[in-house]
Amino acid sequence: MAEISRLPGPVMDLWEWQFDGACRDADQDLFFHPEGERGSARRRRAEAAKAICATCPVLNECREQSLAVREPYGVWGGLSEEERAAVLADRAGRRVTA
């Protein structure tokens with residue numbers, strides 16, 4: 001579950017970008033793996049979701065939001081769960097060594 005304490009308050013300006021998301025009209029099941037999905041089926045589904053993200057005008061906003069709240073599931077901002085974890089680990093590592 002996302003860390004609710006990290007979510008911004010209900011201010012429209014902070015959330016309005018979501019109306020422009022390329023995923024709004026897409027099948028949401030494409031962005032979240034079903035229980036037990038593994039291997040090539042999971043990779044194909046995630047790549048299809050990422051292809052939609054690649055066309056999105058708010059890709060960066062979505063990606064940063066998902067990283068800020070530590071979204072635990074799905075493809076957000078063109079990143080899978082594992083990719084988001086790697087970005088967060090990299091950012092944490094850079095802070096420590098900087």
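Leaving out residues up to four places away in sequence, Val-75 touches Phe-31, Ala-46, Ala-49, Lys-50, Cys-53, Ser-80 and Arg-84, where contact means heavy atoms within 4.5 Å. Please keep in mind that this is a predicted model, in which local features need pLDDT of at least 70, side-chain atom pairs count only at pLDDT 80 or more, and totals for chains, interfaces and linings use all residues. Residues are numbered from 1 along each chain as its sequence is written, and side-chain values use heavy atoms, with hydrogens and water left out.

**The core**

- Val-75 belongs to the largest nonpolar core, whose six residues also include Ala-26, Phe-31, Ala-46, Ala-49 and Cys-53.
- A nonpolar core is a set of buried Ala, Val, Leu, Ile, Met, Phe, Trp, Tyr and Cys residues joined through side-chain atoms within 4.5 Å.
- In soluble globular proteins, nonpolar side chains tend to be buried together.
- Where is Ala-26 placed? Ala-26 is in the loop between α1 and α2.
- Ala-26 counts as buried because its relative accessibility is 18%; buried means under 20% relative accessible area, exposed over 50%, and partly exposed in between (1.4 Å probe, protein chains only).
- Setting aside neighbours within four places in sequence, Ala-26 is in contact with Phe-31 and Ile-52.
- Ala-26 and Ile-52 are 26 residues apart along the chain, and their C-alpha atoms are separated by 8.3 Å.

**The overall plan**

- The protein chain has four helices and zero strands, and its elements run α-α-α-α from the N terminus on.
- Helices (H or I, at least four residues) and strands (E, at least two) are DSSP runs, numbered from the N terminus.
- Of the 98 residues in the protein chain, 27% are buried.
- Among contacts between residues at least 6 apart in sequence, 50% join residues at least 24 apart.

**Confidence**

- The protein chain has a mean pLDDT of 90, and 88% of its residues reach 70 or more; pLDDT is the predictor's confidence in each residue, from 0 to 100.
- Among the elements, helix α2 (residues 39-54) has the highest mean pLDDT (97), while helix α1 (residues 12-15) has the lowest (74).

- The largest pocket has a volume of about 400 Å³.
- Of its 23 lining residues, Trp-17, Gln-18, Cys-23, Cys-62 and Trp-76 are the closest to the centre.
- On a 1 Å grid over the protein atoms alone, a pocket is an open set of points where a 1.4 Å probe fits, with protein on both sides within 12 Å along at least five of seven lines, and lining residues have an atom within 4 Å of a point.
- A volume is the space filled by probe spheres set on the points, which are joined across faces, edges and corners.
- Helix α3 (residues 59-68) gives the largest share of this lining, four residues.
- The buried residues of α3 are Cys-62, Gln-65, Ser-66 and Leu-67.

**Two arginines**

- Arg-70 lies in the loop between α3 and α4 (81-97), and Arg-70 has a positive phi of about 55° although it is not a glycine.
- Arg-70 has a relative accessible area of 36%, so Arg-70 is partly exposed.
- Arg-91 is in helix α4 and, leaving aside neighbours within four places in sequence, is in contact with Glu-64 and Leu-67.
- Is Arg-91 buried or partly exposed? Arg-91 is partly exposed because its relative accessible area is 27%.
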